[in-house]
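Dear colleague,

Please find below the structure for your review. A summary of the findings follows it.

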Amino acid sequence: MIIGGGSIGLASACVSARTGHNVTVFDPAGFALKRPAPEIDSRVWALGTRSQRLLEDLDAWNSNDRVCAYQSMRVIDARSDARVTFTHPTLGHMVEADWVRNQLLKEVSGIDIQCIQRSVKAITRTGFITVDDGTTIDADLVIFSEGRAATTAVASGFEIIDGGYHQRAVIGTLHSERPHNGEAFQIFTEYGPLALLPLPDCGDQHRVSLVWSLDKLFSDDFEKAPNEILASFVSQTSEFARGHLHFVADPVWIPLSQQSLRQDALGCLLAIGDTSHGILPLAGLGANLGFADVLALRATLERLPKAGGDRIARTVARERCIDQQTVTLVMGLFSDVFRSDQPLVQLGRSLALRTADRYPMIRSFIQELAG
Ligand SMILES: Cc1cc2nc3c(=O)[nH]c(=O)nc-3n(C[C@H](O)[C@H](O)[C@H](O)COP(=O)(O)OP(=O)(O)OC[C@H]3O[C@@H](n4cnc5c(N)ncnc54)[C@H](O)[C@@H]3O)c2cc1C
């Protein structure tokens, strides 16, 4: 039983069905395909090769003119000489979040998976489910992938730990004066980290995707600014890395925070994806971490075909624990260290990024974390 039919829930449904299980997915928002808008959507993901390989295995990946490969990622600090560049011929791809979900929905409709547009009230640790229309179902394993709100997970006994870092992000698609040449660019500014991510060109126009995480203090002011003023401010703050920028549609403001669950497994209940770990979008990690949860689920289902749901839930949670805690810790540290104006902290971050830039092993470790 899967609670939540976002990309992580649907990928879990596919791997569970492919390992021979009967699968039902609940999502009150439904399972309709989203028709792609003419312009690239503002919700895009930087997906690493590990996530891409999983989607390929699930027949949910194909290259098309809305998917953009990138080969390098340059990270700089606006207030010091700190910089690091990651390069790899297949570092990752920028994809629209809705495109990934559409690919998975098509795959789910081709397999014998039941999709129910309803919500579930609560579930006992032994997998006894009460649906909102009062019907009851028994499940061997229940996977919660209902995003950060984690409503059903909390109603079923999971406990959210608020990791703080309450911020807002402005996201949007921009025309850029200069081409990105396959480079993702991120600058740590006094307002918060700003990323300009590569998107496919549209005719002879270059495009990038903006993700700028801001403290509430700044976001309240910036939100009031007209689009042209905000775009001009983004151009300046990004040190004109892509020249002058213009929004192609209104930017979108999103609340951000970090959160996790006290435990990811309770009896035969397992939390994965953003329900288990909601992190700041600092290095494009959230969905990649969720797909890593799905890979651990697949490996466990294959390795323990006869195990009960509680053992599967426990094993997956144990395997993912260290990865998730490391990423949450590193993202929190990044957020603190790059916001600080203290001279010693500035010196420290300059040293850290320069060291990472000099030593391929450190860069490989960070790339590995990013999927
Ligand atoms: C600004 C921003 C930029 C990001 N950029 C990146 C990036 O570059 N790379 C990356 O890897 N990640 C990125 N992320 C993170 C990524 O968006 C999330 O990690 C990802 O969406 C998590 O997927 P999910 O399926 O766990 O949850 P969601 O996508 O939130 O899906 C949850 C699903 O559960 C359903 N649901 C909700 N409530 C219930 C309920 N009570 N019962 C049943 N179903 C329910 C919803 O309808 C939805 O379909 C970014 C996030 C933000 C905010």
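In what follows, helices (H or I, at least four residues) and strands (E, at least two) are DSSP runs, numbered from the N terminus. On that basis the secondary structure of the protein chain comprises eleven helices and 19 strands. This is a predicted model, in which local features need pLDDT of at least 70 and side-chain atom pairs count only at pLDDT 80 or more, while totals for chains, interfaces and linings use all residues. Residue numbering starts from 1 along each chain as its sequence is written.

A residue is called buried if 20 or more other C-beta atoms lie within 10 Å of its own, exposed if 12 or fewer, and partly exposed in between, with C-beta atoms placed from the backbone. Of the 371 residues in the protein chain, 46% are buried. Two residues are in contact if their C-beta atoms, placed from the backbone, lie within 7 Å. Among contacts between residues at least 6 apart in sequence, 74% join residues at least 24 apart.

Sheets and strand pairs

Two strands pair if DSSP finds at least two bridges between them. An open sheet of six strands has the order β6-β2-β1-β10-β18-β17, with mixed pairing. Its edge strands are β6 (113–116) and β17 (265–266), each of which pairs on one side only. Strand β2 (residues 23–26) pairs with β6 in the parallel sense over four bridges, and Val-23 stands opposite Ile-113 in β6. Helix α1 (residues 7–18) packs on this sheet and touches β1 (2–3), β2, β6 and β10 (142–144); its direction makes about 170° with that of β2. Axes here are lines fitted to C-alpha atoms, for helices over the stretch in contact, and angles run from 0 to 180 degrees between N-to-C directions.

Another open sheet has three strands in the order β7-β8-β9, with antiparallel pairing. β7 (120–123) and β9 (136–138) each have a single partner strand, so one side of each is left without a neighbour in the sheet. The twist averages 20° from one strand to the next. Three bridges link β7 to strand β8 (residues 128–131) in the antiparallel sense; Ala-122 has Thr-130 in β8 as its bridge partner.

Strand β16 (residues 252–261) is joined to strand β11 (residues 160–176) by nine bridges, and the two run antiparallel. Pro-255 in β16 is the bridge partner of Arg-168. β16 also pairs with strand β19 (residues 277–278) in the antiparallel sense, over two bridges, with Ser-260 opposite His-277 in β19.

A helix crossing

The axes of helix α2 (residues 49–57) and helix α8 (residues 286–303) come within 9 Å and cross at roughly 50°. α2 and α8 are therefore oblique to each other (angles under 35 degrees count as roughly parallel, over 145 as roughly antiparallel, 65 to 115 as roughly perpendicular and the rest as oblique). The contact is made by Arg-50, Ser-51 and Leu-54 of α2 and by Ala-287, Asn-288, Phe-291, Ala-292, Val-294 and Leu-295 of α8.

Backbone points to note

Asn-181, a residue other than glycine, has a positive phi, near 50°. Asn-181 lies in the loop between β11 and β12 (183–188) and counts as exposed, with 10 C-beta neighbours inside 10 Å. Glu-239 likewise has a positive phi, near 55°. Glu-239 is in the loop between α6 (227–237) and β15 (245–247) and is partly exposed, with 13 other C-beta atoms within 10 Å.

With kind regards
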